[in-house]
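Here are my notes for someone opening this one for the first time. Have a look at the model, then read through the points below.

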Amino acid sequence: MASSVEVGGSWSTNEDIALCQSWVNISHDPITGNEMKFHHMWSKIHGEFCQRSGSIRTEMALSSRWKFLNKELGKWRNALTKAKANIQSGQNLTDEMMQAQMWFFGAMGQGKKSFVHFHCWEIVKDCSRFKIIPTGPPVVMNETPLHDSTSTDLPLDSPMETESPFVPRPPRPIGRKAAKAKRGGTSTNECVQLLEQIAKSTSLRMERDLKRDEMDVAREEAFVIQQQKAQEKDIEDREMKIMAMDTSHMSPETKAYWKLRRRDVMRRKLFHDDGPSNTDWLNDENH
């Protein structure tokens, strides 16, 4: 059944999923994906999208929506890449997703919105454009000076070398920036609360979209039923006029015409057939 969402209306979750699946199937086709022209590619994506979703959106609408999703998914890939590179020992997937949302939250600038298109990400995450390339661990400068006077400047027979081969180093004092960040930074609990609010908001939004789609489908089905009833009533009224037609004052040719019309009506009533009159038994004068 065709979607009731008109061109230019808000996109449903199912439409976003159908668009991403169509884009992956067509643009990553191992035979023709790399050789198709841009217009031809979007023509094929539009055809597969309509088959998957039943939507009536135009090819231009699909291209415009993909530009938005492509931008969002690209920023989420970058956020996940940074989160994976910054993950520390002992942290789990939840910590990684929290960090990714914070990176994405900061990348959005003044908009300050979270990433919600997880259903689309699961479809495109293995494509070359969005695949996350693992990076090495963050480079941390060694606190040991390049020139250690305790080990290189002393003579080989120095008492320091024989009696205390490992001299403990005092802990490095924390810098002003690190201390300020530690005092004013967002705590883990605040991050958890933020992500819980984001997840709750996303769930409510998806629930509203689902209810809206169900209401649209119900309205469309009711409209189709109403049209069918109106059409049936119109046919019934026309047939009643044909059966009640007074032919006493008509010419023989006109009488013959209305006689055939009446026979068609009778046959539809008896055999539930809408075709033209082609039976011989109704042509009998006794009927």
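Which helices each supply at least two residues of the lining of the largest pocket?

1. The answer is α1, α3 (59-86) and α9 (188-243). Helices here are DSSP runs of H or I with at least four residues, strands are runs of E with at least two, and both are numbered from the N terminus. Of these helices, α9 gives the largest share of the lining, 4 residues.

2. Before going further, a word on what you're looking at: this is a predicted model, where local features need pLDDT of at least 70 and side-chain atom pairs count only at pLDDT 80 or more, while totals for chains, interfaces and linings use all residues. Residues are numbered from 1 along each chain as its sequence is written, and side-chain values use heavy atoms, with hydrogens and water left out.

3. Back to the pocket, meaning an open set of points on a 1 Å grid over the protein atoms alone, where a 1.4 Å probe fits, with protein on both sides within 12 Å along at least five of seven lines; lining residues have an atom within 4 Å of a point. The largest one holds about 280 Å³ of space, a volume filled by probe spheres set on the points. Its lining has 15 residues, and Arg65, Val116, His117, Arg205 and Asp209 lie nearest the centre. Sorted by class, that lining has 3 nonpolar, 6 polar and 6 charged residues.

4. Now find Ser12, in the segment before α1 (13-27). Is Ser12 buried or exposed? Ser12 is buried, because its relative accessible area is 6%, and buried means under 20% with a 1.4 Å probe, counting protein chains only. Leaving aside residues up to four places away in sequence, Ser12 touches Arg212 and Asp213; a contact is heavy atoms within 4.5 Å. Asp209 sits 197 residues from Ser12 along the chain, yet their C-alpha atoms are separated by 6.5 Å.

5. Glu15 is worth a click too: it lies in helix α1 and counts as buried, at 3% relative accessibility. A polar atom of the Glu15 side chain lies 3.2 Å from the backbone nitrogen of Ser12.

6. Zooming out, the chain has 10 helices and 0 strands. Buried residues make up 25% of its 287 residues. Among contacts between residues at least 6 apart in sequence, 59% join residues at least 24 apart.

Conventions. Buried means under 20% relative accessible area, exposed over 50%, partly exposed in between (1.4 Å probe, protein chains only). A polar contact is a pair of N or O atoms within 3.5 Å; within protein, one must be able to donate a hydrogen and the other to accept it, and residues adjacent in sequence count only if both atoms are side-chain atoms. Ala, Val, Leu, Ile, Met, Phe, Trp, Tyr, Cys and Pro count as nonpolar, Asp, Glu, Lys and Arg as charged, and the others, Gly among them, as polar.
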